[in-house]
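Student: Hi! Could you walk me through this one while I have it open on my screen?

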Amino acid sequence: MAFAELAVNTPVLRPGSFSYSIPLGLEIKPGQAVWAPFGPKIVQGIVLEVSDQPAFGQTREICGVISDTPLLSFHQLNLAAWISQTYLCSIYEALSPMLPPSFERRSVAYISLEPSPLNKSEKPPVTLSPSLQKIFDWLQTRDITPQTELENIFGKKTTQTAILKLINQGLINRTYQISPVRTQTKFEKHFGLSEQALAFIKDQTLPKLSPRQTEVFECLRENPQGISKSRLNLLVKNNAAILKALEKKELILTEEHQVFRQPIDYSHIETLPHLKLSPPQEKCLESINRSLNTPPEDDQNPRTFLLHGITGSGKTEIYLQALAEALRLGKKAIVLVPEISLTPQTIARFAGRFPGRVAVLHSRLSPGEQFDEWQRIKNGQADIVIGPRSALFAPLDKPGIIIIDEEHEWTYKQQNPQPRYHTRTVALKMTEEYGAVLVLGSATPDIDSYFKAQNGLYQLLELPERLTPYRGASLPKTELVDMRTELSEGNRSIFSRNLHASIEKVLAKHEQAILFINRRGGASFIQCRDCGYVAMCKSCDTPLTYHPDQENLVCHQCGRHYPNPLTCPNCKSRRIKYLGMGTQKLEEETGLAFPQAKLLRWDSDVTKGKDSHQQIMDKFSRHQADILIGTQMVAKGLDLPGVTLVGVINADISLNLPDFRAGERTFQLLAQVAGRAGRGLAGGKVVIQTYTPENYAIQSAVCHDYPGFYAKEIAYRRELNNPPFQKLACLVFSHLNHDFCQQQAILLAQTLREKADSTGSGTLEILGPAPAFIQRLRGRYRYQIILRSPNPANFLRDINLGQGWSIDIDPYGLC
């Protein structure tokens with residue numbers, strides 16, 4: 001008998017695989033998806049390996065196959081095993097990003113009355129509590145009911161408790177069924193003329209047709225390759241009866257054709273030629289091409305490149321020409337961008353250079369588009385995949401080059417759910433697995449990446465000169481405004497005198513400006529001026545943000561909405577003050593200060609729709625707005641030649657957070673947003689407003705001085721033993737009860753310290769436990785423990801944390 005090791009789709013405490021026997025006559029291969037019993041349910045499983053002996057003694061039998069052929073390759077299974085070990089998650093969690101879109105199907109619980117000894121007309125022989133009786137009476141009126149329906153009616157906790165009691169009393173039965181397939185291949189009817197009709201046309205013996213039949217017939221005659229039902233419906237309305245009549249006369253053929261839901265509309269994309277490279281660009285490209293043309297076993301140099309080029313230095317053209325070389329060699333490629341907002345512009349550039357060879361994967365696509373693009377990649381019909389971090393796991397057959405643009409961005413770190421991977425780290429492992437080349441591009445590289453480049457682990461490629469709008473163009477002039485001076489001199493506006501005058505000058509010349517503030521909403525919080533009350537979320541320990549367009553308060557952590565109070569709930573005072581500022585407030589103030597300007601806002605509140613990013617960018621590119629107001633979305637890689645002014649309203653927002661990366665993030669944001677100015681012939685200017693002009697990160701950003709910033713930042717990191725000199729792990733426990741949460745965190749910290757002492761882990765530091773930065777989130781209290789060592793995952797691997805704990809290896813921000 002053969003046995004299979006499965007990764008199963010169920011929340012389990014044990015991170016390993018489960019052993020199942022393979023029924024006789026069923027052929028199973030690694031990478032294949034199957035159905036398997038797990039407790040009372042039937043769950044999805046991925047076959048990791050097939051052997052003659054099970055890893056565990058007792059086994060259950062696989063129920064059947066989901067896919068006839070393997071969904072995942074040998075390399076993908078190896079990569080998932082490494083992700084599981086590195087980020088301390090289950091193997092199925094590690095595999096999940098690699099599976100097809102809409103693959104996940106759960107067992108759905110259904111509740112029905114036990115057929116014996118009772119029937120629907122009999123009353124239960126025991127006395128039930130009122131809540132149990134209500135549910136039992138409801139079930140008597142139905143044959144079978146989904147458990148979720150009962151939970152919606154009677155409440156989740158009440159229903160789950162009642163169901164267990166009724167099952168134990170033998171009154172009801174719970175069964176499980178697999179949820180239906182959510183997305184699959186789409187087919188559409190296709191109509192064409194039959195052989196008999198073509199013969200009639202040739203012999204001019206066509207039978208007599210009604211005017212409406214003739215209309216449809218002529219339409220089909222004008223489309224010899226056939227015509228889809230949707231297209232025919234546009235040309236001839238109400239055609240169902242006519243088609244049936246023509247089919248009865250054997251004049252037409254009906255076939256089912258697959259419909260490909262394509263997210264890229266090539267009709268609006270212009271084909272672009274290669275551009276002539278500058279000498280620094282040529283030097284960088286030669287290094288990358290040398291590795292592409294060298295087998296991994298013969299390459300003596302690192303196959304990871306850090307392309308450090310100032311904003312507008314032509315990094316994208318190097319990507320494009322490196323891709324051309326990879327495709328010439330028969331290799332395929334993955335291109336990653338940090339934000340979905342950048343995807344439309346990136347697609348236009350890459351699809352224009354490689355028409356018909358580009359696929360795109362991201363969460364804003366419809367389920368059908370995601371499904372078809374995944375299948376197209378899997379079937380080898382696309383050579384280049386573009387998207388944010390999830391596109392890294394596209395089913396390409398051994399990619400030869402992976403490009404990560406704006407590699408410093410924190411959005412490349414997966415926060416929730418597991419696996420909490422960093423895209424750059426996984427891409428490094430993929431290049432080892434596939435023998436591929438990795439290119440990391442940024443004007444403001446991650447400190448860790450630049451450290452590795454300085455120490456020879458990456459090849460450092462540099463582009464020191466700007467090419468937009470012409471070769472050797474200077475970076476925009478950057479001016480720093482001390483807002484403390486503005487206040488002391490009587491200017492209480494959000495605009496400094498410098499920025500106000502600069503905006504007026506831009507508007508007078510009919511140019512464009514970007515105003516950047518890294519916070520959305522109207523007011524950051526509202527406060528009573530009499531008693532000091534601050535409106536807080538009932539579920540989270542965070543102040544509520546005022547959104548003037550909705551006239552309500554919103555929690556930016558859990559998303560709950562609250563009515564806007566007219567009086568203080570605490571002291572009934574009407575002296576409610578709106579403090580702080582976000583994009584909506586900035587838009588309002590800008591409209592008042594510059595009534596002649598056409599404004600456009602770009603933040604997550606106005607980009608809910610599928611194509612909203614593209615629509616905003618198109619409007620601004622066509623100069624349908626004079627000023628673009630936005631959050632960090634406007635800072636990332638956009639090429640807008642019409643922008644001659646960038647104004648940073650408050651450079652200090654991210655500077656004072658309790659995070660060792662606060663300085664790095666501030667520098668990167670300021671340098672990146674400043675790089676949006678001066679990409680046209682008119683040149684550009686940047687005005688940065690701050691209350692801490694002496695800060696090293698702000699000073700370095702003003703001078704466009706990355707080496708100077710890196711020298712100071714790496715010295716601080718070395719002194720405090722922070723990454724890249726050590727690695728971090730963040731353990732968070734959450735619970736509805738504060739005291740229990742704190743107690744569990746204290747117990748685990750004690751256990752970890754005892755293990756560290758017993759194993760002699762002298763380099764391990766255990767910090768905490770302490771309340772998380774946001775102590776209460778979505779109604780649950782949170783305590784965290786930080787581990788700092790060369791490899792905290794190795795120390796934690798054999799520790800069973802239990803339910804309620806989450807682990808984040810290499811955390812990228814605050815909890």
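Tutor: Happy to. Keep in mind that this is a predicted model. Let's begin with a lysine: the charged end of K755 sits over the ring of F795, 4.8 Å from its centre.

Student: And what lies over the face of W138?

Tutor: That would be R142, which lies 3.8 Å from the ring centre of W138.

Student: Staying with rings, how many aromatic pairs does a search of the whole structure find?

Tutor: The search finds 16 aromatic pairs. One of them is Y450 with Y710, an edge-to-face pair with 4.7 Å centre to centre and 70° between the planes.

Student: Where do Y450 and Y710 lie?

Tutor: Y450 is in helix α15 (residues 447–454), while Y710 is in helix α22 (residues 706–720).

Student: Are Y450 and Y710 buried or exposed?

Tutor: Both Y450 and Y710 are buried.

Student: How do Y706 and Y710 pair up?

Tutor: Y706 and Y710 make a stacked pair, with 6.3 Å centre to centre and 20° between the planes. Both lie in helix α22, four residues apart, which is about one turn of the helix. Y706 is buried, as is Y710.

Student: Which residues form one aromatic cluster with them?

Tutor: The cluster is made up of Y450, F667, Y696, Y706, F709, Y710 and Y716.

Student: Let's switch to strands. How many residues of strand β13 are buried?

Tutor: Six of the six residues of β13 (residues 304–309) are buried, so this strand is largely enclosed by the rest of the structure.

Student: Which way do the residues of β13 point?

Tutor: T304, L306 and H308 point one way, and F305, L307 and G309 point the other way. All of them are buried. As background, side chains in a regular strand alternate between the two faces of the sheet.

Student: Which strands is β13 joined to?

Tutor: Five bridges join β13 to β18 (residues 437–442), and these two strands run parallel. Another strand, β19 (residues 459–463), is also joined to β13 by five bridges, again in parallel.

Student: Which residues stand opposite H308 and L307 there?

Tutor: H308 stands opposite S442 in β18, and L307 stands opposite L461 in β19.

Student: What about an antiparallel sheet? In what order do β7, β8 and β9 come?

Tutor: Those three strands form an open sheet in the order β8-β7-β9, with antiparallel pairing. The edge strands are β8 (145–146) and β9 (172–178), and each pairs on one side only.

Student: How many bridges are there between β7 and β8?

Tutor: Strand β7 (residues 107–113) pairs with β8 over two bridges, in the antiparallel sense. In β8, P146 is the bridge partner of Y110.

Student: New topic, T590. Where is T590, and what does it touch?

Tutor: T590 is in helix α18 (residues 583–593). Leaving out residues up to four places away in sequence, T590 touches F495, L515, L599, I627 and I629. T590 has a relative accessible area of 0%, so it counts as buried.

Student: And P273, is that buried or exposed?

Tutor: P273 counts as exposed, at 57% relative accessibility. You'll find P273 in the loop between β12 (252–259) and α10 (279–292).

Student: How far apart are P273 and V481?

Tutor: P273 and V481 are 43 Å apart in space, C-alpha to C-alpha, and 208 residues apart in sequence.

Student: Zooming out, how many helices and strands does the protein chain have?

Tutor: The protein chain has 24 helices and 34 strands. Its C-alpha atoms fill a box of roughly 85 × 85 × 70 Å along the principal axes.

Student: How does the radius of gyration of the protein chain fit with a compact globule?

Tutor: For 815 residues, a compact globule would have a radius of gyration near 28 Å, and the protein chain has 31 Å, which agrees. Of those 815 residues, 51% count as buried.

Student: What share of the contacts comes from residues 24 or more positions apart?

Tutor: Such residues account for 74% of the contacts in the protein chain with a separation of 6 or more.

Student: Last one: what does the accessible surface of the protein chain come to?

Tutor: The accessible surface comes to about 38000 Å², and 51% of that belongs to carbon and sulfur atoms.

Key
Residues numbered from 1 in each chain as written. Predicted model: local features only at pLDDT ≥ 70, side-chain atom pairs only at ≥ 80, totals over all residues. Heavy atoms only, no water. Phe/Tyr/Trp six-rings, centres within 6.5 Å; stacked < 30°, edge-to-face > 60°. Buried < 20%, exposed > 50% of the residue type's maximum accessible area, 1.4 Å probe, protein only. Lys NZ or Arg CZ within 6 Å of the ring centre and 35° of its normal. Pairing = 2+ DSSP bridges. Contact = heavy atoms within 4.5 Å. Rg over C-alpha atoms; globule rule 2.2 N^0.38 Å. Areas by Shrake-Rupley, 256 points an atom, 1.4 Å probe, with all protein chains shown as cover.
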